[in-house]
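Here are some notes for a colleague who is coming to this structure without any background. The points below are meant to be read with the sequence and the 3D view open side by side.

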Amino acid sequence: MIDWSKTSLTYRLVLMALMTALTLAVDEAFAAIPFLQFVTFLVVFNFVFFGYRFTLSVLFYYVMLDCFITGGMWPLYVSIPTMFFAWALLPTMLLVTNLIKGSFYKRLIPIALITAIHGFIYGQTFAVITALIYDGQTFETFYAAWLGWTIGDIPWEIGQCIMGFSSVIVLMPVLYKALEKPLKRYTASHQTKLDSEFNEEELPR
């Protein structure tokens with residue numbers, strides 16, 4: 001994981017803006033193709049390379065933009081927190097993999113499995129909230145609505161599960177091997193520049 005917090009604010013904001021734009025562009029590009037989406041993979045990518053807080057920040061701006069652009073079946077004050085919570089669960093669950101000592105490759109299978117499990121949890125988050133909003137008057141109506149949403153969403157949950165698992169297993173090792181050293185070198189050089197500028201400011205004039 002790259003310690004992006006040691007870089008300048010400008011560097012972090014630019015990187016965050018790029019990852020937010022990439023996530024939104026990828027989401028829109030594959031929106032018309034059932035079960036084919038790479039937002040889950042990009043969330044994992046951000047978590048692995050830039051950490052938990054960075055990933056949450058990207059998700060927050062992505063969710064805000066996505067909800068404003070595409071709209072949805074709910075008002076924004078419901079859809080934004082619901083969607084953000086559903087996505088934020090993934091990096092939160094992935095925090096467990098940080099306890100595994102050793103190289104990234106030892107964490108790969110647990111990361112992929114958690115990503116797959118999140119495919120079901122993501123769908124259930126929307127099923128529960130939808131049932132509560134529209135049919136939450138009694139437990140019976142809530143349960144019937146939740147069951148209907150759950151059954152209807154099963155194909156999408158399975159698709160998201162398979163897509164998340166396979167994309168992490170196939171793409172993540174390739175990108176990790178290709179980007180780990182260049183990103184670390186760039187971050188290290190950026191930090192060295194900041195340190196030198198700080199030291200120059202400390203010199204007596």
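Which residues in H4 meet which residues in H5? The points below take up the chain as a whole before turning to that question.

1. Please keep in mind throughout that this is a predicted model. Its protein chain comes to six helices and zero strands, and along the sequence these elements follow the pattern α-α-α-α-α-α.

2. Of the 205 residues in the protein chain, 41% count as buried. The accessible surface of the chain comes to about 11500 Å², and 72% of that surface belongs to carbon and sulfur atoms. When contacts between residues at least 6 apart in sequence are considered, 75% of them join residues at least 24 apart.

3. Helix H4 covers residues 76-94 and helix H5 covers residues 104-135, and their axes come within 9 Å of each other while crossing at roughly 155 degrees. Because angles over 145 degrees count as roughly antiparallel, H4 is described as roughly antiparallel to H5. The crossing in which H4 passes H5 is right-handed.

4. As for the opening question, H4 contributes Val-78, Thr-82, Met-83, Phe-85, Ala-86, Trp-87, Leu-89, Leu-90, Met-93 and Leu-94 to the contact.

Terms used
Residues numbered from 1 in each chain as written. Predicted model: local features only at pLDDT ≥ 70, side-chain atom pairs only at ≥ 80, totals over all residues. Heavy atoms only, no water. Axes fitted to C-alpha atoms, helices over the stretch in contact; angles between N-to-C directions. Helix = DSSP H or I, 4+ residues; strand = E, 2+ residues; numbered from the N terminus. Parallel < 35°, antiparallel > 145°, perpendicular 65-115°, else oblique. Left-handed = near helix turned anticlockwise from the far one by under 90°. Contact = heavy atoms within 4.5 Å. Buried < 20%, exposed > 50% of the residue type's maximum accessible area, 1.4 Å probe, protein only. Areas by Shrake-Rupley, 256 points an atom, 1.4 Å probe, with all protein chains shown as cover.
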